[in-house]
Amino acid sequence: MNARLSIVSLAMLAATALAPRPAHAFCGFYVGKAGAELYNHASKVVLARDGKRTVLTMNNDFEGNMKDFALVVPVPTVLVKDQIHIGDRHFVDRIDNYSAPRLVEYFDEDPCSPREYEREEKAAAVKEDAAPAPRKASNKTLGVRVEAEYTVGEYDIVILSAKESDGLQTWLVQQGYQIPPKAAAALEPYIKQNMKFFVARVNLKEQKSTGVTYLRPIQIAYESEKFMLPIRLGMANAKGAQDLLVYTLTPHGRVESANYKTVNMPSDVEVPLYVKDVFGKFYADTFQQAHKQSDYRAVHTEYVWNSAWCDPCADNPLTPEELHGLGVFWLDQSGSNAPIITRLHVRYDAEHFPEDLVFQETGDQQNFQARYILRHPFKGNLACEAGREYLKSLDARHGQERDTLATLTGWDKAAIMKAMGDDAPGHIPSEEPWYKRMWK
């Protein structure tokens, strides 16, 4: 079987988006999210880790003839069959939707009512609380050893060890894989670390028997001192920067990169109302601007929260069944030890990310979410003194929203002013209908 090998360290991103469902929070409600579907060349992986034990879920969104699919992943040890599992793509989609950057919307209270406007402002803030038989003689010559072979679900899996990258590359070519030109150089560091190679491709007969038309996620469970993802191999056939979304589930605190700077995405800022209609583009450009400002070398945190609750929620909290399906092996029946979800977003290339991603779990449980705020002005009668002062304040507020949007995205201020329309700075809303003013 002639298989086109996608030399990647992670499975490709599956981008099934759930329709947003409003969820009340504070004095407003959630209105939108920017999930993984924004990125064309992305990988989506879930890491559940406690101590040395890790469950890695690799989500596949391969499109095309399934006989052309193949996956190579460096792993720290030889895996037995029971350490390999076929996961549920729905669970990966759920954690993506749950942790996605979000847009929330609030409505100003009537400043002429006894209720204090300042109290509402304060309340709106987020509380920070069977593969072809290997040729044995050739394998020995090439320095490649087949450590194990399994069929798990719709995948034929081979676990390899190798002494030289050229030999491993030659072995893969002999087995019918088409190897990117830079593969040998990418394989070499992992061979020097004595890592093994998890090679998977589709068993068409088994895949047909599943009754599904897509490839399900592959999960592997292992023990290792290393808390890392091998991203360098994924650059062997990359045509440019790639997006990687990592969702970690850990018992004690947020996860950060140990060998690259980790920064929070800009958050909790007010943006013009029209962003509601262009939120996807807004967030994509905001991420690119933040990426640029970090000199293209940072890991960006988009979400940190205890999985048992959220505020505001972009989706319902994950159930114990879903958490277990994502590899949370330490969850008890009461849910009292629910994991901390960290969502990390990396845009990487060989120039700016020369090393694999190494992670560390911290004891920090401070909540964070990439959250952007729409604030609607009050539209009723503003004849009182407080109402007149409120009207005067709107111009400054809209000017700040314009400047914030330009800073976050790099968009042109004149274009933003045009898109804002009546909300643009310099346009002061009338304090009462025109016809009432006319008869005065």
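## Briefing on a predicted protein chain

Leu344 is buried, with a relative accessible area of 0%, where buried means under 20% relative accessible area, exposed means over 50%, and partly exposed covers what lies in between, with a 1.4 Å probe and protein chains only. The model is a predicted one, in which local features need pLDDT of at least 70 and side-chain atom pairs count only at pLDDT 80 or more, while totals for chains, interfaces and linings use all residues. Residues are numbered from 1 along each chain as its sequence is written, and side-chain values use heavy atoms, with hydrogens and water left out.

**The chain as a whole**

- Of the 440 residues of the protein chain, 53% count as buried.
- The protein chain has an accessible surface of about 19900 Å², and 51% of this belongs to carbon and sulfur atoms; such areas come from the Shrake-Rupley method with a 1.4 Å probe, and for residues only the protein chains shown count as cover.

**Residues that meet across the sequence**

- Glu355 has its place in the loop between β20 and β21 and is partly exposed, with a relative accessible area of 42%.
- From C-alpha to C-alpha, Glu355 and Arg232 are 6.8 Å apart in space, while in sequence they are 123 residues apart.

**Aromatic rings**

- A pair of aromatic rings is described by the distance of the centres and the angle of the planes.
- Rings of Phe, Tyr and Trp (its six-membered ring) pair if their centres lie within 6.5 Å, and planes under 30 degrees apart count as stacked, over 60 as edge-to-face and the rest as tilted.
- By this rule the count comes to 11 aromatic pairs.
- One of them joins Phe69 and Tyr155, whose ring centres are 6.2 Å apart and whose planes stand at 55°, so the pair is tilted.
- Phe69 is buried, with a relative accessible area of 6%, and Tyr155 is buried as well, with a value of 0%.
- The rings of Tyr260 and Phe353 have their centres 4.6 Å apart and their planes at 45°, so this pair is tilted.
- Tyr260 lies in the loop between β16 (255-257) and β17 (262-264), and Phe353 in the loop between β20 (340-348) and β21 (357-361), so the pair ties together parts that are 93 residues apart in sequence.
- Both Tyr260 and Phe353 are buried.
- One aromatic cluster is formed by Tyr98, Tyr303, Trp305 and Trp309.

**Charges over rings**

- Arg89 lies over the face of Tyr214, at 3.7 Å from the ring centre; a charge sits over a ring if NZ of Lys or CZ of Arg is within 6 Å of the ring centre and within 35 degrees of the ring normal.
- Arg232 lies over the face of Tyr190, at 5.1 Å from the ring centre.

**Helix packing**

- Two packed helices are described by the angle between their axes and the distance between the axes.
- Helix α9 (residues 385-409) and helix α10 (residues 413-420) have axes that come within 10 Å and cross at roughly 130°, where axes are lines fitted to C-alpha atoms, for helices over the stretch in contact, and angles run from 0 to 180 degrees between N-to-C directions.
- That makes α9 oblique to α10, since angles under 35 degrees count as roughly parallel, over 145 as roughly antiparallel, 65 to 115 as roughly perpendicular and the rest as oblique.
- The crossing of α9 and α10 is right-handed, a term used if the near helix is turned clockwise from the far one by less than a right angle, with left-handed used if it is turned anticlockwise.
- Helix α4 (residues 165-174) and helix α5 (residues 183-192) pack at an angle of about 120°, with their axes 8 Å apart, and are therefore oblique to each other.

**Positive phi values in a loop**

- Most residues other than glycine have a negative phi, and most peptide bonds are trans.
- Asp295, in the loop between α7 (279-293) and β19 (299-306), has a phi near 60°, which is a positive value in a residue other than glycine.
- At 43% relative accessibility, Asp295 counts as partly exposed.
- Tyr296 is placed in the loop between α7 and β19, and its phi is near 60°, a positive value in a residue other than glycine.

Technical notes:
Helix = DSSP H or I, 4+ residues; strand = E, 2+ residues; numbered from the N terminus.
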